[in-house]
Amino acid sequence: MRAVVQRVDRASVTIDGNVNGKIEKGFMVLIGIDEKDEQKDLDYICDKLMGLRIFEDEEGKMNRSIIDAGGSILLISQFTLYGDARKGKRPSFIRAARPEKAIPLYEAAIAKLSEKVHVETGIFGAEMKVELVNDGPVTILLDSERTF
């Protein structure tokens, strides 16, 4: 499982001209699910998101988690995070999980994160327009295989 985490002042996702999810301070997270992902991968990513200390404390140091900062998460499914463009010009998405596997894991991530913070979402598989104001900018890459 992979996640692109951006610390934001605000973010929203629009589907068919309607705002589906909107947050103020927090994380805009693109999440990609691998065909081999299991519960342990989901737990790793969710635990990292909850503990990631990238909000500034009173001294201006990135030392506070999203929970400490009272932030929210906009969680967007993104199968293209498993695009492999090492060969040729057209990425291969062979590692991206099929919807029958990815949807339950995506929904489980929403449920797990919602236990601790407010979560807004897009719609799995929909054509979405995502807008955000990246704070910092701060962008962190997470991978449950720990390849980066």
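Is Ser 92 buried, partly exposed or exposed? At 33% relative accessibility, Ser 92 counts as partly exposed, where buried means under 20% relative accessible area, exposed means over 50%, and partly exposed lies in between (1.4 Å probe, protein chains only). The views below come from a predicted model, in which local features need pLDDT of at least 70, side-chain atom pairs count only at pLDDT 80 or more, and totals for chains, interfaces and linings use all residues. Residues are numbered from 1 along each chain as its sequence is written, and side-chain values use heavy atoms, with hydrogens and water left out.

**View 1. Ser 92 in its loop.** Ser 92 sits in the loop between strand 6 and helix 3. Helices (H or I, at least four residues) and strands (E, at least two) are DSSP runs, numbered from the N terminus. Leaving aside residues up to four places away in sequence, Ser 92 touches Tyr 82, Gly 83 and Asp 84; contact means heavy atoms within 4.5 Å. Thr 80 is 12 residues from Ser 92 in sequence, and their C-alpha atoms are 9.1 Å apart in space.

**View 2. Helix 3 and its buried side.** Helix 3 covers residues 99-114, 16 residues in total, and reaches 22 Å from its first C-alpha to its last, close to the 22 Å expected at 1.5 Å a residue. The expected span is 1.5 Å times one less than the number of residues in the helix. Its buried residues are Ala 102, Leu 105, Tyr 106, Ala 109 and Leu 113. They cover an arc of only 105° around the axis, which puts them on the same side of helix 3; the arc is that of the directions from the helix axis to the C-beta atoms. As a reminder, an α-helix has 3.6 residues a turn, so residues three or four places apart point the same way. The cover over the buried residues of helix 3 includes strand 3 (26-32), helix 1 (39-51), strand 6 (72-77) and strand 7 (118-121).

**View 3. Helix 1 and its surroundings.** With 13 residues, helix 1 reaches 18 Å from its first C-alpha to its last, close to the 18 Å expected at 1.5 Å a residue. Look here for the buried residues of helix 1, which are Asp 41, Leu 42, Tyr 44, Ile 45, Cys 46, Leu 49 and Met 50. Strand 1, strand 3, helix 2 (66-69), strand 6, helix 3 and strand 8 are among the elements that cover them.

**View 4. Helix 1 against helix 3.** The axes of these two helices come within 10 Å and cross at roughly 35°. Axes are lines fitted to C-alpha atoms, for helices over the stretch in contact, and angles run from 0 to 180 degrees between N-to-C directions. Helix 1 passes helix 3 in a right-handed crossing; a crossing is right-handed if the near helix is turned clockwise from the far one by less than a right angle, and left-handed if anticlockwise. Helix 1 brings Leu 42, Asp 43, Cys 46, Asp 47, Leu 49 and Met 50 to the contact, while helix 3 brings Leu 105, Ala 108, Ala 109, Lys 112 and Leu 113. These residues divide into eight nonpolar, no polar and three charged. Ala, Val, Leu, Ile, Met, Phe, Trp, Tyr, Cys and Pro count as nonpolar, Asp, Glu, Lys and Arg as charged, and the others, Gly among them, as polar.

**View 5. Two serines of strand 6.** Ser 77 has its place in strand 6, and at 12% relative accessibility it counts as buried. Beyond residues up to four places away in sequence, Ser 77 touches Ile 31, Tyr 106, Phe 124, Gly 125 and Met 128. Ser 72 is also in strand 6 and counts as buried at 15% relative accessibility.

**View 6. Ser 12 in strand 1.** Ser 12 is found in strand 1 and counts as buried at 14% relative accessibility. Contacts of Ser 12, sequence neighbours up to four places away not counted, are Gly 21, Lys 22, Leu 74, Lys 129, Val 130 and Glu 131.

**View 7. Backbone details.** A cis peptide bond joins Gly 136 and Pro 137, with omega about -5°. Asp 16, in the loop between strand 1 (2-15) and strand 2 (18-23), has a positive phi near 50°.
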